[in-house]
Amino acid sequence: MSPRILVFAGSIRTGAFSGQMADAASQQLAELGAEVTRISLVDYPLPIMDEDLEKEKGVPENAMRLGRLFAAHDGLMICSPEYNASIPPLLKNTLDWVSRISKDGDKPFKPYAGLTVGLCSTSDGNFAGMRGLYHLRAVLMAVGTQIVTEQCSVAHASEAFNEDGRLKNERSAKALHRVCASLIEHAR
């Protein structure tokens with residue numbers, strides 16, 4: 001049975017390099033035999049994580065929708081930009097809200113339980129978003145996921161993709177292949 005992999009970018013900016021990376025990763029994962037679901041966080045708007053708000057109104061429905069999506073998959077591929085050498089606020093807020101889920105209705109529910117995660121980053125700078133992935137790994141470990149060792153970080157992202165959405169640079173393309181293959185192997 002093919003592993004089910006949910007793919008999304010940590011940015012919703014029009015033309016975001018992380019969105020292009022998520023598209024390239026989706027294509028690579030599908031070619032390697034995964035059943036891929038590609039989403040955009042723009043479709044799951046959430047307020048800023050606030051425990052007072054959670055106490056008053058509960059976990060927002062969009063966080064619950066995401067939590068159910070996470071749980072319905074064997075793995076996640078997160079393609080992140082880097083903001084000030086760290087995680088973009090949209091992505092951190094999303095991960096934090098989903099981590100607050102402990103039940104669905106009256107049944108215990110942990111969306112991150114059993115999930116394997118692959119990571120990619122993009123940046124137009126020389127560091128390729130790698131610094132942000134260290135922080136992202138720490139957050140994902142704290143919520144209980146397993147993160148594959150391999151990752152793909154793409155520098156000079158404004159020039160990194162072909163017209164067909166694939167990576168131009170052979171080294172970057174091989175890194176993407178490795179992280180996708182590892183994610184599939186571990187998600188099985």
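**Pocket, rings and salt bridges in a predicted model**

The lining of the largest pocket divides by class into five nonpolar, five polar and four charged residues. Here nonpolar means Ala, Val, Leu, Ile, Met, Phe, Trp, Tyr, Cys and Pro, charged means Asp, Glu, Lys and Arg, and polar means the others, Gly among them. This is a predicted model, in which local features need pLDDT of at least 70 and side-chain atom pairs count only at pLDDT 80 or more, while totals for chains, interfaces and linings use all residues. Residues are numbered from 1 along each chain as its sequence is written, and side-chain values use heavy atoms, with hydrogens and water left out.

Staying with the pocket, it holds about 330 Å³ of space. A pocket, on a 1 Å grid over the protein atoms alone, is an open set of points where a 1.4 Å probe fits, with protein on both sides within 12 Å along at least five of seven lines; lining residues have an atom within 4 Å of a point. Points are joined across faces, edges and corners, and the volume is the space filled by probe spheres set on them. The lining has 14 residues, and S153, V154, N169, R171 and S172 lie nearest the centre. Two or more lining residues come from each of β7 (146–154) and α6 (170–187). Those element names are DSSP runs numbered from the N terminus: helices are H or I with at least four residues, strands are E with at least two.

Next, the aromatic rings. The count is two aromatic pairs, where rings of Phe, Tyr and Trp (its six-membered ring) pair if their centres lie within 6.5 Å, and planes under 30 degrees apart are stacked, over 60 edge-to-face, and the rest tilted. F8 and F70 are stacked, at 5.9 Å centre to centre with 10° between the planes. F8 is in strand β1 (residues 4–9) and F70 in helix α3 (residues 61–71), 62 residues apart. Both F8 and F70 are buried, that is, under 20% relative accessible area, with exposed being over 50% and partly exposed in between (1.4 Å probe, protein chains only). F70 also pairs with Y112, this time tilted, at 5.7 Å and 55°. Y112 sits in the loop between β5 (107–108) and β6 (116–122), so its pair with F70 ties together parts 42 residues apart in sequence. Y112 is buried at 4% relative accessible area, and F70 is at 0%.

Last, the salt bridges. There are eleven, each being a side-chain nitrogen of Lys or Arg within 4 Å of a carboxyl oxygen of Asp or Glu. What does R100 do here? The side chain of R100 meets E51 at 3.9 Å, N to O, and it meets E54 at 2.8 Å. R100 is in the loop between α4 and β4 and E54 in helix α2, so that pair ties together parts 46 residues apart in sequence. R100 is partly exposed at 31%, E51 is exposed at 52%, and E54 is buried at 15%.

E82 and R131 form another salt bridge, with the closest N and O atoms 2.6 Å apart. E82 lies in the loop between β3 (75–80) and α4 and R131 in helix α5 (residues 130–142), so the parts tied together are 49 residues apart in sequence. E82 is buried at 15%, whereas R131 is partly exposed at 36%. Finally, salt bridges that share partners join E31, D164 and R166 into one network.
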